[in-house]
Amino acid sequence: MPKKKKADCAIKPRQVFVAAFSKRKQICPSGSSNPAHTAAGDAAAVVDGGDFRHANKFRFLDKACIRDAADTVPESEWRLCTAGEVRQTKTLLAVLPIVACTVVTNTVLAQLQTFSVQQGSAMDTRLAPSSFRIPPASLQAIPYAMLLALVPAYELLLVPLARRLTGARAGIAPLQRIGVGLCLVALSMASAAAVERRRRDAAVPASGGRRQQQLSVLWLVPQFFVFGLSELFTNVGLMEFFYEQASSTAGTAAHMQAFFMAFFYCSFSFGFYLSSVLVSLVNRATAGGGRPGWLGDNDLNKDRLDLFYWVLAALSVLNFFCYLLCARWYNSGAAGSGPDGAAPGGEVASEEEDDGKGLI
């Protein structure tokens with residue numbers, strides 16, 4: 001009897017895509033959440049896994065698990081994949097829209113780390129009644145100090161309270177926490193826009209030509225405070241969401257965690273890149289009549305940073321509603337419930353085959 005190959009726990013999304021494309025002309029097997037009512041030779045019940053959330057999503061990937069009946073030799077991993085490999089690939093694809101919705105949050109973070117320092121430099125940095133001056137760049141430590149202080153309170157107070165109110169073991173579901181954080185991002189930008197408008201009105205000479213007093217740099221604290229709350233809910237919720245997804249894939253949790261952490265840092269990089277692109281687009285769209293755009297003078301008293309912040313607030317609101325749609329789509333389609341049937345034109349590869357290949 002041939003010796004079975006040891007199961008490979010690595011995640012192979014490339015092989016799944018290549019195998020699905022190479023068998024694109026195969027008819028995808030229909031699913032069934034009840035194996036007892038599955039037709040003979042139908043691998044859909046194995047694909048669905050009983051409670052696999054994304055069984056009815058990305059159905060074209062199921063073709064990667066269909067064994068070609070004409071082949072008499074074992075197929076390579078680039079033409080035949082296991083059930084677990086396709087489930088992992090589907091999970092990665094389903095998580096991508098959720099991660100993409102956090103890019104705007106990191107775009108706001110990039111703006112707060114740049115323009116807020118310029119704002120602070122144009123404000124009164126003295127800490128009355130002493131002569132100590134607050135370095136404007138040090139205000140960026142407020143969100144992270146809040147995380148250090150509020151994460152323990154979050155776990156010890158908020159989660160138990162939410163558990164009593166909702167009856168859920170986690171208290172607040174990870175996707176709900178991310179949604180709260182994305183909503184707070186918009187409030188942070190609205191606060192930043194209001195403060196910048198007040199600062200600009202105080203700094204620009206009045207009608208009489210006399211310069212008004214500068215605002216205190218402490219006026220910038222509320223926007224950092226609200227953004228710190230946003231990061232608390234968004235990042236903690238995202239980490240819990242990733243942990244749940246990784247732990248649901250038996251035998252590949254470490255590999256899935258590596259993919260998810262890559263997604264997490266990609267969100268940061270795309271957010272900072274979008275920040276630069278957004279500044280250029282706003283400047284180009286608002287320039288005209290020989291005048292530079294809202295951020296083209298490099299002088300906050302002449303620029304309209306407050307309007308730019310309102311644009312970011314509107315973008316955050318739009319991103320929040322997009323997130324609601326993505327979260328609803330993610331939660332949709334519990335285990336497969338399609339009609340029974342076999343996969344014509346091919347056989348379903350079993351997990352027990354000698355070459356270790358199987359079908360979802």
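Trainee: How many cavities of 30 Å³ or more does the count come to?
Mentor: Two, by the rule used here. Keep in mind that this is a predicted model.

Trainee: Okay, and how much space lies in the largest cavity?
Mentor: About 70 Å³. Its lining includes Thr102, Asn106, Glu231, Asn235, Phe264 and Phe268.

Trainee: Which elements give two or more residues to that lining?
Mentor: Those are H4, helix H7 (221-247) and helix H8 (253-286). H7 gives the most, with four residues.

Trainee: And how does the lining of the largest cavity look by class?
Mentor: Six residues are polar, three are nonpolar and one is charged.

Trainee: What about the second largest cavity, what volume does it have?
Mentor: About 50 Å³. Leu109, Leu112, Tyr144, Phe224 and Phe227 are among the residues that line it. Here H4, H5 and H7 are the elements that give two or more residues, and H4 gives the most, with three.

Trainee: Switching to charges: how many salt bridges does a search of the whole structure find?
Mentor: Seven. One of them joins the side chains of Asp62 and Lys90, at 2.8 Å from N to O.

Trainee: Where do Asp62 and Lys90 lie?
Mentor: Asp62 is in the loop between helix H2 (44-48) and strand E1 (66-68), while Lys90 is in helix H3 (residues 83-100), so the pair ties together parts 28 residues apart in sequence.

Trainee: Is Asp62 buried or exposed?
Mentor: Buried, because its relative accessibility is 0%. Lys90 counts as buried too, at 0%. There's also a network of salt bridges linking Arg59, Asp62 and Lys90.

Trainee: Nice. What does Asp201 form a salt bridge with?
Mentor: With Arg197, where the closest N and O atoms are 3.3 Å apart. Both lie in helix H6 (residues 174-203), four residues apart, which is about one turn of the helix. Asp201 is partly exposed at 41% relative accessibility, and Arg197 is partly exposed at 41% as well.

Trainee: And which residue pairs with Arg304 in a salt bridge?
Mentor: Asp306, with the closest N and O atoms 3.0 Å apart. Arg304 is partly exposed, at 22%, but Asp306 is buried, at 2%.

Trainee: Last one: which residues form a nonpolar patch on the surface?
Mentor: Leu127, Phe132 and Leu218, with about 270 Å² of accessible area together. Leu127 sits in the loop between helix H4 (103-121) and helix H5 (141-166), and it counts as partly exposed because its relative accessibility is 33%.

Note on methods: Residues are numbered from 1 along each chain as its sequence is written. This is a predicted model: local features need pLDDT of at least 70, side-chain atom pairs count only at pLDDT 80 or more; totals for chains, interfaces and linings use all residues. Side-chain values use heavy atoms; hydrogens and water are left out. Patches are made of residues with over 30% relative accessible area and no salt bridge: like charges are joined within 9 Å, nonpolar side chains (Val, Leu, Ile, Met, Phe, Trp, Tyr) within 5 Å. Accessible areas come from the Shrake-Rupley method with a 1.4 Å probe; for residues, only the protein chains shown count as cover. A salt bridge is a side-chain nitrogen of Lys or Arg within 4 Å of a carboxyl oxygen of Asp or Glu. Buried means under 20% relative accessible area, exposed over 50%, partly exposed in between (1.4 Å probe, protein chains only). On a 1 Å grid over the protein atoms alone, a cavity is a set of points where a 1.4 Å probe fits but cannot get out, and a pocket is an open set with protein on both sides within 12 Å along at least five of seven lines; lining residues have an atom within 4 Å of a point. Grid points are joined across faces, edges and corners, and a volume is the space filled by probe spheres set on the points. Ala, Val, Leu, Ile, Met, Phe, Trp, Tyr, Cys and Pro count as nonpolar, Asp, Glu, Lys and Arg as charged, and the others, Gly among them, as polar.
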